[in-house]
Each structure stands twice: as structure tokens, then as C-alpha cells.
Amino acid sequence: LHNTCLLAGTQVGDNVTIGCNNTIGNYGFGYEKDEAGDYDVLEHLGRVIIHNSVEIHNNTCIDRGVLDDTVIHENVKIDNLVHIAHGVVIERNTLVIANAMVAGSTWIGENSWIAPSVSLKNKIKIAPNTFTGIGAVVLKDTAENQTYIGNPACTLEEYKKWSEVKKKLS
């Protein structure tokens with residue numbers, strides 16, 4: 001755990017591996033304006049709960065929730081340079097790969113693959129068994145057992161359909 005900081009309230013299950021230079025359990029990037037219009041940080045009352053057999057590699061940030069907890073379920077694997085914002089829930093057996101950004105209050109269903117450099121908008125639901133392509137920008141809820149690619153992300157079938165339309169227009 002060289003240079004890794006687990007803040008108070010963080011719960012870690014059994015058989016968990018945590019790499020170097022991580023911050024787990026700090027408050028997230030949440031602000032509201034005061035009466036003068038200046039930004040004040042929101043108090044974050046939630047925790048980070050890491051279940052059994054989770055792996056968190058290096059240089060990753062996992063923020064505690066504002067009201068609810070941030071929860072990483074069993075057998076989740078999180079790569080280097082990942083940001084998981086406040087109130088996120090990642091269900092079991094999911095992979096979150098390098099440089100992914102998971103915005104606040106997002107729910108990721110089990111057995112999903114969040115590819116390198118994927119961005120997930122806040123407050124969306126990634127259905128179980130979702131596969132994302134490199135660099136996808138997911139702005140809305142996904143459907144189960146689908147592959148999403150592009151910016152904005154769409155299903156592989158939608159992408160193929162639009163590719164045919166573009167060919168005909170060219």
C-alpha cells in the first residue's frame with residue numbers, strides 16, 4: 001500500500017489487493033453555491049465499501065458518497081488511473097480498465113467491461129453484461145448483453161446501421 005490512503009470509514013473485505021498511490025474514501029468533487037454565489041464543498045456522509053476479492057491497481061481514486069455509500073462488489077477488478085466518483089455502485093465480476101472515468105451516482109451491473117478511457121455520465125445505469133469499446137462516452141442507460149462504442153456511445157448494431165447510411169450519403 002505504498003502511498004495509498006484509505007480514509008476513515010472505508011471498509012475493506014477479505015482477499016482484497018490494493019496497489020500504490022491510491023486515494024480511497026475522500027470526498028468527491030461536489031459543490032453547491034452559497035447565498036453569495038460562491039461554491040462550497042458538499043459534505044460527503046457516505047463511505048466506500050469494498051467487498052471480497054477486489055483488486056485495485058495503482059493511481060486510482062475512489063470517492064465516498066454524498067449520502068449513499070460508494071460500493072465495489074465481489075471480484076471487481078479496477079485497473080490503473082481510474083476515477084470512481086461519489087455514490088457509484090459496481091456490481092460483482094466487473095472490470096474497469098485504465099483511464100476510465102465513472103461519474104457520480106452511476107450503477108454498473110455485474111459482468112460488465114468498462115474499456116480503457118471510457119467516460120460514464122453521472123446517474124446512469126450500465127446494465128449487466130455490458131461491454132464498452134475503447135474511449136466510449138456513455139451518456140444514457142444501457143441495455144443488457146450489448147456492446148457500446150463511440151461518442152456518444154451507441155450499440156454496435158446502431159453503429160453498423162449508421163455506417164451504412166453514411167456510405168450511401170457519400
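Q: Is Glu 55 buried, partly exposed or exposed? What is the accessibility behind that?
A: Glu 55 counts as partly exposed, at 31% relative accessibility. Here buried means under 20% relative accessible area, exposed over 50%, and partly exposed in between (1.4 Å probe, protein chains only).

Q: What kind of model is this, and how are residues numbered?
A: This is a predicted model, where local features need pLDDT of at least 70, side-chain atom pairs count only at pLDDT 80 or more, and totals for chains, interfaces and linings use all residues. Residues are numbered from 1 along each chain as its sequence is written, and side-chain values use heavy atoms, with hydrogens and water left out.

Q: Back to Glu 55. Which side chain does Glu 55 meet in a salt bridge?
A: Lys 77, at 3.7 Å, N to O. A salt bridge is a side-chain nitrogen of Lys or Arg within 4 Å of a carboxyl oxygen of Asp or Glu.

Q: Where do Lys 77 and Glu 55 lie?
A: Lys 77 is in strand 11 (residues 77-78) and Glu 55 is in strand 8 (residues 55-56), so the pair ties together parts 22 residues apart in sequence. Strands (E, at least two residues) and helices (H or I, at least four) are DSSP runs, numbered from the N terminus.

Q: How many salt bridges does the structure hold?
A: The structure holds 3. One of them joins Asp 69 and Arg 47, at 2.7 Å, N to O. That pair links distant parts of the chain: Asp 69 sits in the loop between strand 9 and strand 10, Arg 47 in the loop between strand 6 (39-41) and strand 7 (48-50). Arg 47 is partly exposed, at 31% relative accessible area.

Q: And what about Glu 164, which partner there?
A: Lys 167, at 3.5 Å, N to O. They are 3 residues apart in helix 1 (residues 156-169), about one helical turn. Glu 164 is partly exposed at 40%, whereas Lys 167 is exposed at 57%.

Q: New topic. Where is Arg 64?
A: Arg 64 is in the loop between strand 9 (61-63) and strand 10 (70-72).

Q: Which side chain of opposite charge is nearest to Arg 64?
A: Glu 43, 7.1 Å away. Arg 64 is buried yet has no salt bridge. On charges, Lys and Arg count as positive and Asp and Glu as negative; His and the chain ends are not counted.

Q: Which backbone oxygens lie by the Arg 64 side chain?
A: The backbone oxygen of Gly 25 lies 2.9 Å from a polar atom of that side chain. For the backbone oxygen of His 44, the distance is 3.0 Å.

Technical notes:
Polar contact = N/O pair within 3.5 Å; in protein donor to acceptor, adjacent residues only side chain to side chain.
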